[in-house]
Amino acid sequence: MTPFKRAVAELEKAVSGRGGAITLANAPDGFDAFVAADIARARAGAGAQGAAALVHVARDAQRSRAFQEALAFAAPQIEALECPAWDCQPYDRASPNAPDA
């Protein structure tokens, strides 16, 4: 079984409640969005039941925007939600600012 098929099978286990999870690391910048799109297409092509959440953790806001733009190009039908980083340090006395609407 190829690594890609193994990742899709593990994701299917996670969605069905059987406890699967996958971690994709060290994907080259710009290629990670295409991998996420391919995994989503593989689930849809297999007639997968239920929704799956794919989480991408970026090292900074610029990389997060680049991933979202690449994902919108590779798979415009996938909805991407952004959780921006806080603008303060952990254990700082200042609260994070509310994001601009």
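Mentor: We will go through the helices, then the salt bridges.

Trainee: Before that, what kind of model is this?
Mentor: This is a predicted model.

Trainee: OK, how many helices and strands are there in the protein?
Mentor: The protein has three helices and zero strands. From the N terminus on, the order is α-α-α.

Trainee: And how much of the protein is buried?
Mentor: Of the 101 residues, 19% are buried.

Trainee: Where is R63, and is R63 buried or exposed?
Mentor: R63 sits in helix α3, residues 61–74. R63 counts as buried because its relative accessibility is 9%, and the cut-off for buried is under 20%.

Trainee: Which residue meets R63 in a salt bridge?
Mentor: The partner is D32, at 2.7 Å from N to O. D32 belongs to helix α2 and R63 to helix α3, so this pair ties together parts 31 residues apart in sequence. D32 is buried as well as R63.

Trainee: What else does R63 contact, leaving aside neighbours within four places in sequence?
Mentor: Its contacts also include D29, G30 and A58.

Trainee: Switching topic. How many salt bridges does the structure hold?
Mentor: Four. One of them joins the side chains of R59 and D29, at 2.8 Å from N to O. R59 is in the loop between α2 and α3, while D29 is in the loop between α1 and α2, 30 residues apart.

Trainee: Is R59 buried or exposed?
Mentor: R59 is exposed, with 64% relative accessibility.

Trainee: What about R41 and D38?
Mentor: Their side chains also form a salt bridge, at 2.9 Å from N to O. They are three residues apart in helix α2, so about one helical turn separates them.

Technical notes
Residues numbered from 1 in each chain as written. Predicted model: local features only at pLDDT ≥ 70, side-chain atom pairs only at ≥ 80, totals over all residues. Heavy atoms only, no water. Helix = DSSP H or I, 4+ residues; strand = E, 2+ residues; numbered from the N terminus. Buried < 20%, exposed > 50% of the residue type's maximum accessible area, 1.4 Å probe, protein only. Contact = heavy atoms within 4.5 Å.
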